[in-house]
Amino acid sequence: MIKEKKNKKIRVIELVLAVSICILLVTESLLLTNKNQSRKEEKPILTQEEAKKIDRKNMESAQNTVLEKKGEDILIGTKEPEKEQEQTKDYIIADSNTRLLTTNELTALTVEELQIANNEIFARHGRKFEDEKMKMYFESKSWYQGTIETNVFDAQYETILSDVEKANVQLIKSMLSVPVKPETTEKEE
């Protein structure tokens, strides 16, 4: 009789263990199924092959695009445009340090804007300004940190600025040196 009670207890324990194992297996399979379903829902916008087909020019012009590589696929999202717009508002020409400017775009600017755009290029590198108007203007910008004295900067101008920046400074200065024609309302005879 004692043996039967022990065998019965062992069978109950075995049964409880078997049921527990079954519950664990079912739970694990449900978790794996949910995990696989959520992975399937996260399909990348572009595969690696599709991304290669997009030409480089279009990719560079998409300034708000962020690429993120996940395994073999590339996901594309967007940057926060508000922060980028806020930064570009702080400049007359936000990208004058990275691309060549054109005469057409500069003709749309006033003389004062041209002067500021010219000095923006220097200000990005930390040039201090002796002209009170320029000094106050750039000190009001969040990105500006005047760390290089005017005479030191001017002496090292050629090594500090990139070729793009030098070309832009030269173009802006040429625009500033062109005399402004007064507007006439009547034909001169």
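## How helix H6 crosses helix H10

In this predicted model, helix H6 passes helix H10 in a left-handed crossing. The two helices pack with their axes 10 Å apart and at an angle of about 160°, and because angles over 145 degrees count as roughly antiparallel, H6 is described as roughly antiparallel to H10. To find the two elements in the chain, look for H10 at residues 163-177 and for H6 at residues 111-123.

On the H6 side, the contact is made by Val 111, Leu 114, Gln 115, Ala 117, Asn 118, Ile 121 and Phe 122, while H10 contributes Glu 165, Asn 168, Val 169, Ile 172, Lys 173, Met 175 and Leu 176.

## Ala 117 within helix H6

One of the H6 residues in the contact with H10 is Ala 117, and this residue counts as buried because its relative accessibility is 0%. Ala 117 and Val 169 are separated by 52 residues in sequence, yet their C-alpha atoms are 8.7 Å apart in space.

Which residues does Ala 117 contact, if its neighbours within four places in sequence are left aside? The residues in question are Ile 92, Ile 93 and Ile 172, and Ile 172 is also listed among the H10 residues that meet H6.

## How helix H6 crosses helix H7

Helix H6 also meets helix H7, which covers residues 132-139, and here the axes come within 11 Å and cross at roughly 65°. That angle makes H6 roughly perpendicular to H7, and the crossing of H6 and H7 is right-handed, whereas H6 passes H10 in a left-handed crossing.

From H6, the residues Glu 112, Gln 115, Ile 116, Asn 119, Glu 120 and Ala 123 meet Lys 133, Met 134, Tyr 137 and Phe 138 of H7. The residues of this contact of H6 with H7 divide into 5 nonpolar, 2 polar and 3 charged.

## Aromatic pairs

The structure holds 9 aromatic pairs. One of them joins Phe 122 and Phe 153 in an edge-to-face arrangement, with 5.6 Å from centre to centre and 65° between the planes. This pair links distant parts of the chain, since Phe 122 belongs to H6 and Phe 153 to helix H8 (residues 150-155), 31 residues apart.

Trp 143 and Tyr 144 form another edge-to-face pair, at 6.2 Å centre to centre and with 90° between the planes, and Tyr 144 is buried, with a relative accessible area of 11%. Ring pairs also link Trp 143 and Tyr 144 with Tyr 91, Phe 129, Tyr 137 and Phe 138 into a cluster.

## The protein as a whole

The protein contains 10 helices and 2 strands, and, read along the sequence, these elements follow the pattern α-α-α-β-β-α-α-α-α-α-α-α. Of its 189 residues, 20% count as buried. Among contacts between residues at least 6 apart in sequence, 51% join residues at least 24 apart.

How values were computed: Residues are numbered from 1 along each chain as its sequence is written. This is a predicted model: local features need pLDDT of at least 70, side-chain atom pairs count only at pLDDT 80 or more; totals for chains, interfaces and linings use all residues. Side-chain values use heavy atoms; hydrogens and water are left out. Rings of Phe, Tyr and Trp (its six-membered ring) pair if their centres lie within 6.5 Å; planes under 30 degrees apart count as stacked, over 60 as edge-to-face and the rest as tilted. Helices (H or I, at least four residues) and strands (E, at least two) are DSSP runs, numbered from the N terminus. Buried means under 20% relative accessible area, exposed over 50%, partly exposed in between (1.4 Å probe, protein chains only). Axes are lines fitted to C-alpha atoms, for helices over the stretch in contact, and angles run from 0 to 180 degrees between N-to-C directions. Angles under 35 degrees count as roughly parallel, over 145 as roughly antiparallel, 65 to 115 as roughly perpendicular and the rest as oblique. A crossing is left-handed if the near helix is turned anticlockwise from the far one by less than a right angle, and right-handed if clockwise. Contact means heavy atoms within 4.5 Å. Ala, Val, Leu, Ile, Met, Phe, Trp, Tyr, Cys and Pro count as nonpolar, Asp, Glu, Lys and Arg as charged, and the others, Gly among them, as polar.
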